[in-house]
Amino acid sequence: MPRESKRKKRERAERVYDLLAEEHPDARTALHHENAFQLAVATILSAQCTDERVNSVTPALFERWPTAAAMAGARPKDLEKVIRPTGFFRNKTKSLLGMTRAVVQEYGGEIPDSMEALVGLPGIGRKTANVILGNAFGRDEGIVVDTHVRRLSRRLRFTTHDDPEKIEHDLMDLFPRERWTMLSHLLIFHGRRVCVARKPRCEECVVSHLCPSSRV
Ligand code: SF4
C-alpha cells in the first residue's frame, strides 16, 4: 500500500468508524454493572476471564458486598469463594481488597473519576481506568486497548505498534475525543464477530474496501 497522508488516514478512520457503528449498533461493554464501583470490580475480575463468566458471579458478589466499604471489610476467604470461577482468584481478591480499602480511605468510599486517581488504586491500570471513565462516568479520557483493539488497529493500519500504550496514542491521534470510548466497543464487537483472530471473515466485512489487510 502506498504511504498514506495523515489527512487521508483520518478520513479513512472516520469512514471505518461510521460503517462499524452502523454494523454494530449494540456495541457497548458486556460487563453488567449499575455504577462505577460495580464496573471497577467487574473489570478487575475480567482479567483472563470471559465477560459471561464475570457476569455469572457478580450478582451474588454485589448482593453480599454492595459497596466499596462493604467489600473492603470482607474476609479474604469469603471473597475468594465467590469469585473463584473467574480464575486467578487469590490475586483478584488481593486487588479487590486493596482497591476498595484505598477507595474508602482516600475517597470516602466513592470510586474517583480521574485517570490520575484511578491508576493510583491497587489493581487498576490505565486500561481498567479507561473502561471505568468511559463507561461509568461518560468521560473520553483514553481508549481501551485489549487484544481485539490491538489486532484490528494493526490490520486496519491505524498503527504499526504492538505496545498497548503506543497503539492507544496512535488511535487518540486519529479519532476525535468524543469517539474514543465507542471506538473500542466497535473494534471489540467487530473483532469478535467478523475480524476474528485466526481467519478474518473479510468477505463479510463492511470495511474490507478500506482495510489494507483485506483478503478480498
Ligand atoms: S477486511 Fe478482513 S482484516 Fe480487514 S478489518 Fe475486515 S475482516 Fe479484518
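**Helix packing, a buried loop residue and the ligand shell**

In helix 2, the residues Phe37, Gln38, Val41, Ala42 and Leu45 meet Val54, Val57, Thr58, Leu61 and Phe62 of helix 3, where contact means heavy atoms within 4.5 Å. The residues of this contact comprise 8 nonpolar, 2 polar and no charged; Ala, Val, Leu, Ile, Met, Phe, Trp, Tyr, Cys and Pro count as nonpolar, Asp, Glu, Lys and Arg as charged, and the others, Gly among them, as polar. The model is predicted: local features need pLDDT of at least 70 and side-chain atom pairs count only at pLDDT 80 or more, whereas totals for chains, interfaces and linings use all residues. Residues are numbered from 1 along each chain as its sequence is written, and side-chain values use heavy atoms, with hydrogens and water left out.

The axes of helix 2 (residues 36-45) and helix 3 (residues 51-64) come within 10 Å and cross at roughly 135°. Helix 2 and helix 3 are therefore oblique to each other, a class for angles that are not under 35 degrees (roughly parallel), over 145 (roughly antiparallel) or 65 to 115 (roughly perpendicular).

Leu31 is found in the loop between helix 1 (6-23) and helix 2. Because its relative accessibility is 7%, Leu31 counts as buried (under 20% relative accessible area, with a 1.4 Å probe and protein chains only). Leaving aside residues up to four places away in sequence, Leu31 touches Leu39, Ala42, Thr43, Ser46, Asp51, Val54 and Asn55.

Turning to the ligand, Arg155, Cys195, Pro200, Cys202, Cys205, Ser208, Cys211 and Ser214 surround it, each with a heavy atom within 4 Å. This shell has 5 nonpolar, 2 polar and 1 charged residues.

Note on methods. Axes fitted to C-alpha atoms, helices over the stretch in contact; angles between N-to-C directions. Helix = DSSP H or I, 4+ residues; strand = E, 2+ residues; numbered from the N terminus. Buried < 20%, exposed > 50% of the residue type's maximum accessible area, 1.4 Å probe, protein only.
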